[in-house]
Each structure stands twice: as C-alpha cells, then as structure tokens.
Amino acid sequence: MTALRPFSAAALRQALMALMALLMLSLGAPLLAQQSLPPAPYANRQLDDPAQEAIAHELMATLRCLECQSQAINDSDSPMAGDMRHQVRISVASGEHPEAIRAWLMERYGDYVSYTPQVSATTWPLFVVPLLILLVAGAIFWRRFARRA
Amino acid sequence: MSGWRLWVPLLMFAGFFGVAGYQLSQPKNEFIESRMVGRELPYFDLRPATTDLPGIASAQFGDGQPRLLNIWASWCVPCIAEAPYLEQLQEQGAPIVGIAIRDRPEDVARFLERHGNPYVAVGADDLSEVQFAIGSSGVPETFVIDGQGRITHQHIGDIRETDVPVLLEKLREAGA
C-alpha cells in the first residue's frame, strides 16, 4: 500500500492536469473568437501617474462587468470590461472625479453597474432591518436585565 | 412563557424559508436595461465600419425620420441568427443604422456579404464608447430612435421572428 501511494498520487495529478488542459481549451476558444481587435490602449496598461492609477484601480474594483455578470471590471478578461477600464483610466487621467464616473455609468446602467451599496427605493430594507433587529434585541435584553435587578 | 410565543422563531424561520424558496424558483432576469430609454441619443461621430457604407453620427438622427439602431459585431454569434429578421425589417421599410463593436473593416464586409446587408450606414465603435454612452450591455441590441433623436425603445438580445412586428410597431409609434 505505502509503495503504491506516490505512484497513484502522480497519476491522479496527471489526470487532473489533462482534465484542466481540456477545460482550458474548451473555455479559451470562444474568448479568442471575440478578440478581433487588440485590447483598448489603457485596458491593461496602468496610468503613468501612480496616484491617478490608484484612484482608477479603486474605482474599477467596485464597477461591475456587464458581460460577465459576477466580476468587477478589474477582474475580468472580457473585451468589454477592458474597454470600460480604458474609459475609467482616461477619465481619471483627465481629472474627472471617480464618483462622477460612477454616476455617469449608473445613469446608464442603474444600480447594477456599481458594487458600492446605495440606499434606494428597493434597497432601504437592507439598511433598516438590521437596525430594527438590534433595537428589538436590545429591548429584550433590557427587559431581562430589568427583571433580574 | 405562554405557549404561542414558542412558535414565533419557527414561524419566522418558515417565513424566511418560504421567501427564499419562492425567489429561487423565479426565473432570473439577466438583462440590464438601459436607463437611456426616453432620453436623447448621446453625441457620437463614428467612422465607417466598412468601405462600402457610410459611417454614422448622432447629428444625423432627429431629422424627423425614426430609425432602428442596431448594436452588433461580426464576431457575435447571435448576430448571425438575427440577420434574416433585420433583413425582413428593412424590406418592410425600417431604416436600420448599425454600430459595429470592436470590429475590423474586412470582417464587417465579410459578415455583410455572407449574411446580407440590411444597413443604410454602419459606424465603427472600436472602444465600445458609444455602447457605454447609450447604456447597452452587449451584442446584439436594437434601439428605436424617434424623429427627434430620442431613444424610445430598447430590444435586448437577438431579434426573433416574433420581435419583427413589435419593432415595426415601436417604430411607427416613434414616427407619430
């Protein structure tokens, strides 16, 4: 048994690698088909000014990719996310405030595009309910302690 | 503690479970609708996407004629599926303007040769700038632009047979 163990682990690893390679191949093809143009100039290039790049990066981490619906645009390889990174970087470089850029996008795509929570007609319970629960819990505790005292 | 109070946590849990179960069983709407519907077309001026057709600028809209604005790309598979229905729309009198996203002139020309050309003009949007400006989140999408240059309707996804009369109706409404 002990002699077999290293061999079976290696075999398992090899099988896993083959499976991964197959998976990557099947995932890679449609992505390649979309790359008919090279990425936008600032899709994958940082701004020369590190302070501005930091601002852009912070904003990009909280903007949602429209094509790949569960990623931020700085995490996505989709061409559309690349174009959005380009636009964010260009806008930051031209001196625009990051919240103005977010507002511009939200004006077009709604809450969807932003990962920063906003209080709105549909989201207010998320902010109010925890407060209510805290209040109720506080009241219950207070009554218990008051009784014992 | 009186008997009924014991049941409160269980009831709350059952309520939560019920709401979660109901929400999970509902079909998810993955479409991100543009908030630009009802507003004026944003400014753009695009070079021709292919040598055979003119480009397009936002200033050309708003001349009293309603149009369809089709966001597409030669690399987009559902765009092939909607090509015959765009052609049907064009045959029934709808003026269709295209915007090709991240595309090369030769690819656009090849696509139009292979799948037909329903467009009066196709502009090239190499950095998806116009796409972002009008709140489109993918290809294909089709917008109805009225005679005043206002966006009046957005169709997300490929146009199917049943969408043709709907779009014609929206176009008629936009012309009134």
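1. **Buried face of helix α2(B).** In this predicted model, Cys79(B), Glu82(B), Ala83(B), Leu86(B) and Leu89(B) of α2(B) are buried. Buried means under 20% relative accessible area, exposed over 50%, and partly exposed in between, with a 1.4 Å probe and protein chains only. Helices (H or I, at least four residues) and strands (E, at least two) are DSSP runs numbered from the N terminus. The buried residues of α2(B) pack against β3 (67–72), β4 (96–101) and β5 (119–125) of chain B, and also against β6 (141–145), α3 (105–115) and α5 (163–175) of that chain. Contact here means heavy atoms within 4.5 Å.

2. **A bend in α2(B).** The helix covers residues 77–91 of chain B and bends by about 40 degrees at Ala83(B). That bend is the angle between axes fitted to the seven residues ending at a residue and the seven starting there. A proline, Pro84(B), follows within four residues. Ala83(B) is also one of the buried residues of the helix. Just after α2(B), Gly93(B) takes a positive phi of about 100 degrees.

3. **Basis of the numbers.** Residues are numbered from 1 along each chain as its sequence is written, while chains are lettered from A and ligands numbered from 1 in the order in which they are written. The model is predicted, so local features need pLDDT of at least 70 and side-chain atom pairs count only at pLDDT 80 or more, whereas totals for chains, interfaces and linings use all residues; side-chain values use heavy atoms, with hydrogens and water left out.

4. **The sheet of chain B.** Which order do the strands take in the open sheet? The 5 strands run β5-β4-β3-β6-β7, with mixed pairing. β5 and β7 (151–156) of chain B stand at the edges, each with a single partner strand, so one side of each has no neighbour in the sheet. The twist averages 20 degrees from one strand to the next. Two strands pair if DSSP finds at least two bridges between them. Strands of a sheet pair through backbone hydrogen bonds, either parallel or antiparallel.

5. **Partners of β3(B).** β3(B) and β4(B) run parallel and are joined by 5 bridges. Leu69(B) has Val97(B) of β4(B) as its bridge partner. α2(B) packs on the sheet and touches β3, β4, β5 and β6 of chain B. The direction of α2(B) makes about 165 degrees with that of β3(B). Such axes are lines fitted to C-alpha atoms, for helices over the stretch in contact, and angles run from 0 to 180 degrees between N-to-C directions. β3(B) and β6(B) run antiparallel, again with 5 bridges. There, Arg67(B) has Ile145(B) as its bridge partner.

6. **β6(B), covered on both faces.** 5 of the 5 residues of β6(B) are buried. Glu141(B), Phe143(B) and Ile145(B) lie on one side, Thr142(B) and Val144(B) on the other. β6(B) also joins β7(B) through 5 bridges, and these strands run antiparallel. Phe143(B) stands opposite Gln154(B) in β7(B). The hairpin of β6(B) and β7(B) has 5 residues between the strands, and Gly149(B) in this hairpin takes a positive phi near 80 degrees.

7. **Backbone points to check in the loops.** A cis peptide bond joins Val139(B) and Pro140(B), with omega about -10 degrees. Pro140(B) sits in the loop between α4 (129–133) and β6 of chain B. Arg102(B) is not a glycine, yet its phi is positive, near 45 degrees. Arg102(B) lies in the loop between β4 and α3 of chain B and is buried, at 2% relative accessible area. Ser128(B) is not a glycine either, and has a positive phi of about 55 degrees. Ser128(B) lies in the loop between β5 and α4 of chain B and is buried at 1% relative accessibility.

8. **Cavities.** How many cavities of 30 Å³ or more does the structure hold? There are 2. About 60 Å³ of space lies in the largest cavity. Its lining includes Glu67(A), Pro79(A) and Met80(A) from chain A, and Arg102(B), Ser128(B) and Val139(B) from chain B. A cavity is a set of points, on a 1 Å grid over the protein atoms alone, where a 1.4 Å probe fits but cannot get out; lining residues have an atom within 4 Å of a point. Grid points are joined across faces, edges and corners, and a volume is the space filled by probe spheres set on the points.

9. **Chain A.** Chain A has 5 helices and 0 strands. Buried residues make up 28% of its 149 residues. Among contacts in chain A between residues at least 6 apart in sequence, 54% join residues at least 24 apart.

Definitions and conventions:
1 Å grid on protein atoms, 1.4 Å probe; cavity = no way out; pocket = protein on both sides within 12 Å on 5 of 7 lines; lining within 4 Å.
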